[in-house]
Amino acid sequence: MPRPSFSDQLPEEARVWLDEQLRKRAFSGYEELTEVVNRHFQSIGLELRITRSPLADYGKKRKEKIARIRSATLIAKEIRESTEDDADDLSGALIGLAKTELFEALYGLEQNIQGGDEEVDPTARVELIGKVSKGIAELTRASLAQKKHSTSARQAREAVAAMVEGEMRRQGVSEPSIEALRAAITQELRGGA
């Protein structure tokens, strides 16, 4: 069995401190940082000493992880900004997909049991059904919240458009102009297109 890495041996406070040091130094200067880290570990009573190579490896992995998170965040932001999803339709679709997958897994298990293809411990089966039921309940709550948000967003758009439309009519604006403005307001409230 491989020896645990130095990072696996670090208490949480030491790991947080080390990660902060890496960020402050822009994931560079490992020779100096190795000395700083070893002095700090000694000052907090940690009997762990590291060399430059494992510290640089750890720093590289942390830097890559941060880069992946930043990339994923930017992609999510771009998707959110480029789609009209104020009703959170994407979340609704993902919730529906997850519910379908849970149902199909449960159904497949039941078919295997009835067909005699698989021996299933009754206790394990009850535990599995409990976990699946809990998952479905959580997804159902999320689905209801998403639908409520979707309805609220649609109603808010309609209310603003109706308010502006009413005011324009009182001011004698032509019907084609009212319709054009209503469409523009509705589109803008959806996040533009």
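**View 1. Salt bridges across the model.** The count comes to 7 salt bridges, each a side-chain nitrogen of Lys or Arg within 4 Å of a carboxyl oxygen of Asp or Glu. This is a predicted model, where local features need pLDDT of at least 70, side-chain atom pairs count only at pLDDT 80 or more, and totals for chains, interfaces and linings use all residues. Residues are numbered from 1 along each chain as its sequence is written, and side-chain values use heavy atoms, leaving out hydrogens and water.

**View 2. A network around Arg-169.** Here Arg-169 pairs with Glu-165 (2.4 Å, N to O) and also with Glu-175, again with the closest N and O atoms 2.4 Å apart. Through shared partners, these salt bridges join Glu-165, Arg-169 and Glu-175 into one network. Glu-165 and Arg-169 lie about one helical turn apart because they are 4 residues apart in helix H5 (residues 122-170); helices are DSSP runs of H or I, at least four residues, numbered from the N terminus. Glu-165 is buried at 13% relative accessibility, while Arg-169 is partly exposed at 40% and Glu-175 is partly exposed at 38% (buried is under 20% relative accessible area, exposed over 50%, partly exposed in between; 1.4 Å probe, protein chains only).

**View 3. A pair within helix H1.** Glu-12 and Arg-15 form a salt bridge (3.9 Å, N to O). These two sit about one helical turn apart, being 3 residues apart in H1.

**View 4. Leu-10 and its neighbours.** Leaving aside residues up to four places away in sequence, Leu-10 touches Arg-15, Leu-18, Phe-41, Leu-46 and Leu-48 (contact means heavy atoms within 4.5 Å).
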